[in-house]
Amino acid sequence: MQLFATRQRWYTGAFDELILMCADGTAGPYLFANIDRRNAYAPYDGGADLFFSASDAVVEARQKFSDWLSTIESGL
C-alpha cells in the first residue's frame, strides 16, 4: 500500500470523477479528511464510510443521508 497526502480545498463537484471511480472499483482506496472538523470520508465500490469526531454529527448525517443508508437497522 502506498500513502500520499495533500491539502486541497473541497468544493462541490471537485472530486466527483474520483469518487465515481472508487464506486466503480477502478480507483482507490481513498480517504478524504477534514482536519479542522476531524471528519473523514472513504468511498469504495459498494458504498462509503463516514467518520465523525462528534456523536451529534453522526445523528445529523443519518438524517441528511437517510435515503442512502442500508435498510438494515444499523444503517450499515
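Predicted model: local features only at pLDDT ≥ 70, side-chain atom pairs only at ≥ 80, totals over all residues.
Two residues are said to be in contact when heavy atoms of the two lie within 4.5 Å.

The protein chain holds 2 helices and 3 strands. Followed along the sequence, these elements come in the pattern α-β-β-β-α. The C-alpha trace spans about 35 × 30 × 25 Å along its principal axes. Of the 76 residues in the protein chain, 12% are buried. Contacts can also be sorted by how far apart the partners stand in sequence: among those between residues at least 6 apart, 3% join residues at least 24 apart.

The surface comes next. The accessible surface of the protein chain amounts to about 6,900 Å², and carbon and sulfur atoms account for 53% of that area. Charged side chains number 6 positive and 10 negative, and the centres of these two sets are 12 Å apart. A nonpolar patch on the surface is formed by Leu-50, Phe-52 and Val-58, which together have about 220 Å² of accessible area. Leu-50, one of the residues in this patch, sits in strand β3, which covers residues 47-51. Its relative accessibility is 42%, so Leu-50 counts as partly exposed.

Ile-19 counts as buried because its relative accessibility is 18%, and the cut-off for buried is under 20%. When neighbours within four places in sequence are set aside, Ile-19 is in contact with Trp-10, Phe-32, Tyr-41 and Pro-43. Ile-19 can also be compared in position with Val-58 of the nonpolar patch: the two residues are 39 apart along the chain, and their C-alpha atoms are separated by 21 Å.

Pro-43, one of the contact partners of Ile-19, is placed in strand β2. With a relative accessibility of 5%, Pro-43 likewise counts as buried. Apart from neighbours within four places in sequence, the residues in contact with Pro-43 are Ile-19, Cys-22, Tyr-30, Phe-32 and Ala-48.

Pro-29 lies in the loop between α1 and β1. This proline is exposed, because its relative accessible area is 67% and exposed means over 50%. Between Pro-29 and Ser-74 there are 24 Å from C-alpha to C-alpha, and the two residues are 45 apart along the chain.

Arg-38 is found in another loop, the one between β1 (32-34) and β2 (39-44). Arg-38 is also exposed, with a relative accessible area of 62%. The backbone deserves a look here as well: Arg-38 has a positive phi of about 60°, although it is not a glycine. Most residues other than glycine have a negative phi.

Key:
Residues numbered from 1 in each chain as written. Heavy atoms only, no water. Helix = DSSP H or I, 4+ residues; strand = E, 2+ residues; numbered from the N terminus. Buried < 20%, exposed > 50% of the residue type's maximum accessible area, 1.4 Å probe, protein only. Areas by Shrake-Rupley, 256 points an atom, 1.4 Å probe, with all protein chains shown as cover. Lys, Arg positive; Asp, Glu negative; His and termini not counted. Charge placed at Lys NZ, Arg CZ, Asp CG, Glu CD. Patch = residues over 30% accessible without salt bridge, like charges linked within 9 Å, V, L, I, M, F, W, Y side chains within 5 Å. Salt bridge = Lys/Arg side-chain N within 4 Å of Asp/Glu carboxyl O.
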